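I opened the notebook to look up a few helices and ring pairs. My entries follow the order in which I checked them.

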Amino acid sequence: MDNPLRALPKVHDLAHHADLEAHRKALGAKSFTQLTRSVVEQARQAIRSGTPPPAEAELLAQLKALARARIKSRPRAVINATGVILHTNLGRAPLPKESLESIAQLTAGYCSLEYDLVAGQRTRRGLAAETALAELVGAPDALVVNNNAAAVLLALSGLAAGREVLVSRGELIEIGGGFRIPEILARSGAKLVEVGTTNKTRLSDYQSAISEHTGCILRVHPSNFSVSGYTERPTLSELAALGKSHQVPVVKDLGGGLVYDLPKHNFPGKVPEPSAQQCLKAGVDLVCFSLDKLFGGPQGGAIVGNDDLVQKLRRDPLARALRVDKLTLAALQPVLDAHRAARDAQSTPSDDGQAPLESQACDSAALDSSKLDSLRQDHLPVLQLVNAPQEDLKRRAEAWCEALSAAPAGVRVEAANSAIGGGTLAEHPLPTYCLVVETKNPDGLSAMLRAQTPAVVARIHEGALWFDPRTVLPDQESTLLDALMQTLKRRLT
Ligand SMILES: *Cc1c(COP(=O)(O)O)cnc(C)c1O
């Protein structure tokens with residue numbers, strides 16, 4: 001009897017099939033041959049277990065699909081129509097154009113990452129950014145690391161490895177993406193001591209848990225989790241005072257990294273999330289927060305506060321493993337400048353009189369005032385998205401609806417809510433207006449839109465596709481509408 005395995009094409013022949021030329025080029029000859037080998041090997045195993053040999057066309061189709069999937073798995077540009085501003089899966093904060101220019105200027109060649117060009121010798125990486133950050137939040141010192149998870153890990157490890165960390169049971173949470181406070185704590189080498197209950201933790205609970213083994217008290221911002229109703233926990237100031245009286249440092253994992261006041265019109269009443277400054281004023285020793293959430297910068301984590309503690313963490317060997325890259329620092333500087341400019345714009349004349357004089361010593365090239373002018377805080381994309389006035393959002397959604405009026409689908413505008421996302425102000429939806437596209441097959445339409453370049457990601461809700469103008473950047477609008485019109489038309493044919 002004929003060996004059915006003989007019916008399979010040779011790996012080399014299949015990999016060099018004329019129909020696969022484009023796929024082979026896109027992946028590179030070696031990788032494509034590797035992929036072909038795995039497809040043929042799978043077919044061989046299927047034949048051995050009794051399946052009839054696949055037709056060549058079937059193998060070709062399989063290879064094409066695999067090659068396409070591999071190419072598509074590369075990060076691609078996305079138009080975010082979900083209305084979630086800090087969408088972790090979509091890269092959180094969009095960066096200001098000044099950050100992109102800075103990355104291009106500093107990283108295409110070499111840069112003075114940890115080199116003092118005046119003295120001609122080595123200096124500390126991140127020195128300028130950390131000085132600016134400390135000054136911005138009014139802290140004696142600051143440390144920038146790879147993300148906030150790293151910041152919390154470093155703080156706990158540096159202050160409490162081999163010792164105990166007191167955490168309220170109401171704050172032993174998972175923040176998303178697998179960031180679980182108890183697990184990070186375990187990895188830091190510190191021992192978790194749970195105090196209070198899930199809904200009620202009193203100052204006396206902390207007090208009675210403090211001993212000579214206590215390394216620090218950790219207070220965690222609850223992020224996308226909340227306990228409501230019959231709840232109680234001490235204020236941050238009370239906790240800070242307790243720590244001081246026992247000489248136990250208090251660390252606040254703030255998460256979102258607010259360093260400014262959120263616009264009142266979007267957040268009527270009191271904003272429940274304190275700023276880094278407020279935490280420090282309350283007397284907390286260290287505050288950790290993300291730089292790519294409401295701070296509006298690249299991925300990064302900040303530790304701000306007491307200089308002895310920050311310096312101790314900076315010297316910790318773990319800090320070396322968690323240090324930031326030059327791309328991060330290049331992108332971060334303009335964001336820091338923007339926050340500083342906004343703070344200066346708010347400060348009173350008497351504050352200005354006390355402004356540090358060092359800036360006068362800077363060479364004029366570093367003080368391109370036209371550039372500084374353009375770096376206002378309200379130019380940070382994240383803040384523009386948060387601040388977008390409702391009437392603008394409504395006008396844009398209506399214009400989109402109008403532009404698509406000839407499309408073969410039902411379109412309308414509906415009031416809805418955007419979200420800040422990233423576990424930040426989870427309970428504070430931002431009112432918006434969405435373009436709603438009625439379709440028999442929302443999943444199919446959604447998949448077609450995700451296959452566009454740039455990909456379009458919308459929200460499926462009540463069997464329709466919802467497009468929120470809040471997170472669609474102004475220069476993406478026409479691309480979005482073209483993609484949507486063409487996709488809707490294509491579905492008819
Ligand atoms: C987002 C968040 C983190 C994790 O921050 P990353 O920058 O994603 O590492 C930790 N704690 C809180 C409270 C958060 O909101």
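Entry 1. I noted first that a polar contact is a pair of N or O atoms within 3.5 Å. The model I am reading is predicted. With that cut-off in hand I looked at the start of helix H14, where a side-chain oxygen of aspartate 325 lies 3.1 Å from the backbone nitrogen of leucine 327.

Entry 2. I checked the length of H14, residues 326–346. Its 21 residues reach 31 Å from the first C-alpha to the last, close to the expected 30 Å. I also found a kink of about 25 degrees at leucine 332, shortly before proline 334.

Entry 3. I listed the buried residues of H14, among them Leu332, Pro334, Asp337 and His339. What covers the buried residues of H14 includes helix H5, helix H6 and strand E4.

Entry 4. I turned to helix H4, residues 56–72. At 1.5 Å a residue its 17 residues should span 24 Å, and the end C-alpha atoms are 24 Å apart, so the two agree.

Entry 5. I searched the whole structure for aromatic pairs and got one. The ring centres of phenylalanine 289 and phenylalanine 295 are 6.0 Å apart and the planes stand at 45 degrees, so the pair is tilted. Both phenylalanine 289 and phenylalanine 295 are buried.

Key:
Residues numbered from 1 in each chain as written. Predicted model: local features only at pLDDT ≥ 70, side-chain atom pairs only at ≥ 80, totals over all residues. Heavy atoms only, no water. Helix = DSSP H or I, 4+ residues; strand = E, 2+ residues; numbered from the N terminus. Expected span 1.5 Å × (residues − 1). Bend = angle between axes of the 7 residues up to and from the residue. Buried < 20%, exposed > 50% of the residue type's maximum accessible area, 1.4 Å probe, protein only. Contact = heavy atoms within 4.5 Å. Polar contact = N/O pair within 3.5 Å; in protein donor to acceptor, adjacent residues only side chain to side chain. Phe/Tyr/Trp six-rings, centres within 6.5 Å; stacked < 30°, edge-to-face > 60°.
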